Amino acid sequence: ATGSQGSAADAVAEKMEAVKGAVKDAAPAAPAMPKLAKSESKGVTGVKQVDEAVEKVAKMMEPTTGPAGETRLQELVMYRNPPVSIVVFATLLISMCVIYFTKMSFVRLFSILALVFLIPAYAVVFGSVKLVAYTKREPFPAPGDKPRAVFRVDPVKALVEPVIDGANQGLHELYKCLYGQNNILFAKIVGVLLAGAIIGKVIDATVLMFLIVLGAFTLPKVYEMNKKQIDEAVDKGMKQVDAKTKELQKIADEK
């Protein structure tokens, strides 16, 4: 009886193994794992792309030389020295945003920024003088009897003279308009002033200053990069405007 029971158990075990094998053969094969690309597995290609991007940005940040006679302001808005232009542009935009969202005035913002700069500067300079025995370092140089020439006359003169010449030329052209010698320019000035009055009513002064700063640091560079296409479009538009203006001037003269 015992032998027959063992044989029956062996038969059941064999059948179970056969069922397991059949189930294993019928089951679908597991999908193969995708092979990682070279850039994903070792990062060689990715590192190369990062290096190329860094080199490209560094090249873009290198100072360039503009046309002869370009003023400092023109160099600033034309990104001749990109790091300086970016810092100034970002500072102005952040200042405008702070003024708009906090409802600060220009005077208050300037005073706060001056305090933020002066107090740490005083702590650093005065502290270096008093703690020189502990830090074992040379303090900042003491003020001399005469002021140091931080600002010079020649650069300031070079900036002021074109502004004065431009103001005089503008007043001369305005007087010619008032004298009736340039009615077309007078009409354009009136149109610009009317547009400014309308825009000033619709747009907040801070937002308008933000747009002016944004335009000053973007439009000149965009124009330089697309000068040919923009000049062609502007010339075409100005010819149409001049033709219409001459027609209106002729009608006005006849009446």
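Start by selecting Met78, which touches Glu70, Pro220, Lys221 and Glu224, leaving aside residues up to four places away in sequence; contact here means heavy atoms within 4.5 Å. You are looking at a predicted model, where local features need pLDDT of at least 70 and side-chain atom pairs count only at pLDDT 80 or more, while totals for chains, interfaces and linings use all residues. Residues are numbered from 1 along each chain as its sequence is written, and side-chain values use heavy atoms, without hydrogens and water.

Now pick Glu224 and Arg80. They form a salt bridge, with the closest N and O atoms 2.8 Å apart (a Lys or Arg side-chain nitrogen within 4 Å of an Asp or Glu carboxyl oxygen). Glu224 sits in helix α11 (residues 219–225) and Arg80 in the loop between α4 and α5, so the pair ties together parts 144 residues apart in sequence. Arg80 is buried at 8% relative accessibility, whereas Glu224 is partly exposed at 32%.

Last stop: select Asp231 and Lys227, whose salt bridge has its closest N and O atoms 3.0 Å apart. These two are four residues apart in helix α12 (residues 227–254), so about one helical turn separates them.

Note on methods:
Buried < 20%, exposed > 50% of the residue type's maximum accessible area, 1.4 Å probe, protein only.
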